[in-house]
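Dear colleague,

Please find below the structure I promised to hand over, together with its sequence. My notes on what was found in it follow directly after.

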Amino acid sequence: MKHYISPLLKLTKYNIKIIFGNKFMYFVLSAVGFYILTVGISLFSDNEITMATGYNMLLVPSILLIFYPTCFGIQNDQDAKIIEIIFGIPNYRYKIWLYRLVIAYIICFLITLFLSMVTDWLVVEVPPLDLTMQSIVPSLFIGMLCFMLSTLVRNGNGTAVLIIVIGLILFVVNGILGISKWNVFLNPFDVPLDKNPEIFYNTVFNNRLIILSASFIFLLVGLYKTQNREKFI
């Protein structure tokens with residue numbers, strides 16, 4: 001068992017350096033910093049702090065954690081001069097990029113879970129695991145969208161600009177769509193007082209199903225686009 005674990009740990013450590021471009025701590029600190037800022041604003045506001053508030057505190061940090069590795073992953077391969085190696089081995093690109101996405105989301109999940117536990121301990125009583133799972137859903141959508149766009153644009157900065165524009169549009173539409181099942185940033189803990197809770201939870205279920213389905217489609221399109229070797233080298 002130890003014979004397999006040691007190489008796997010080395011492979012994971014190496015891929016973390018590639019996908020985060022040696023900027024891992026910067027993004028962790030930015031996510032934590034944004035979380036602290038959000039908590040501070042909530043504590044000094046007159047609004048009651050609830051589970052719905054806790055969800056909002058974690059939403060942006062979880063997206064920030066997944067933003068860089070999915071936007072700049074392919075460009076980092078090009079900068080590290082390993083893109084030809086990835087394409088040189090049949091079907092290797094699928095395995096390595098899927099592996100990197102799994103690593104990125106495990107890291108995102110663990111840090112978000114830690115922030116959820118801090119929220120439960122210091123701010124408001126919440127179920128950390130449930131809050132984390134719900135917060136990861138929008139970041140899964142954004143991350144897979146980033147990955148797909150990165151295979152189309154093939155430039156990290158260009159992908160980042162597109163995602164920022166799309167993100168701003170989604171945040172603006174968030175206020176318009178409200179509790180619609182099509183709202184990517186629907187808060188599953190913010191149950192409207194004038195709505196039947198059962199109807200609302202059905203809406204949340206459909207919303208999560210739509211987001212997960214869209215994320216899967218983005219992943220498949222991104223992997224399909226990586227077949228064109230000439231566009232990346």
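This is a predicted model: local features need pLDDT of at least 70, side-chain atom pairs count only at pLDDT 80 or more; totals for chains, interfaces and linings use all residues.

Asn202 is partly exposed, because its relative accessible area is 43%, and anything between 20% and 50% is placed in that class.

Just after H7, Gly178 takes a positive phi of about 60 degrees, and Ser180 lies in the loop that runs between H7 and H8. Leaving aside residues up to four places away in sequence, Ser180 touches Leu186, Thr203 and Asn207. Ser180 and Val204 are 24 residues apart in sequence, while their C-alpha atoms are 8.5 Å apart in space.

As for the chain as a whole, there are 8 helices and 0 strands, which gives the pattern α-α-α-α-α-α-α-α when the chain is read along its sequence. Of its 233 residues, 45% count as buried, and the accessible surface comes to about 12,900 Å², with 69% of that area belonging to carbon and sulfur atoms. Among the contacts with a separation of 6 or more, 71% are accounted for by residues 24 or more positions apart.

The largest nonpolar core has 53 residues, and those with the most contacts inside it are Tyr35, Phe67, Phe141, Ile142, Leu145, Ile163 and Phe218. Two or more residues of this core come from each of helix H2 (24–44), helix H3 (51–79), helix H5 (92–123), helix H6 (128–153), helix H7 (156–177) and helix H8 (197–225), and H3 gives the most, with 13 residues.

For H2, the 21 residues should span 30 Å at 1.5 Å a residue, and the end C-alpha atoms are 31 Å apart, which agrees. The residues Phe27, Val28, Ala31, Tyr35, Thr38, Val39 and Ser42 of H2 are buried, and because they cover an arc of only 110 degrees around the axis, they lie on the same side of H2. On the other side of H2, Tyr26, Leu29, Ile36, Leu37, Ile41 and Phe44 are exposed. The spacing follows a general rule, since an α-helix has 3.6 residues a turn, so residues three or four places apart point the same way.

For H7, the 22 residues should span 32 Å at 1.5 Å a residue, and the end C-alpha atoms are 30 Å apart, which agrees. Its buried residues are Gly156, Thr159, Ala160, Ile163, Gly167 and Leu170, and these fall within an arc of 90 degrees when seen down the axis, so they line one face of H7. On the other side of H7, the residues Val161, Leu168, Val172, Gly175 and Ile176 are exposed.

With best regards

How values were computed: Residues are numbered from 1 along each chain as its sequence is written. Side-chain values use heavy atoms; hydrogens and water are left out. A nonpolar core is a set of buried Ala, Val, Leu, Ile, Met, Phe, Trp, Tyr and Cys residues joined through side-chain atoms within 4.5 Å. Buried means under 20% relative accessible area, exposed over 50%, partly exposed in between (1.4 Å probe, protein chains only). Helices (H or I, at least four residues) and strands (E, at least two) are DSSP runs, numbered from the N terminus. Contact means heavy atoms within 4.5 Å. Accessible areas come from the Shrake-Rupley method with a 1.4 Å probe; for residues, only the protein chains shown count as cover. The expected span of a helix is 1.5 Å times one less than its number of residues. The arc is that of the directions from the helix axis to the C-beta atoms.
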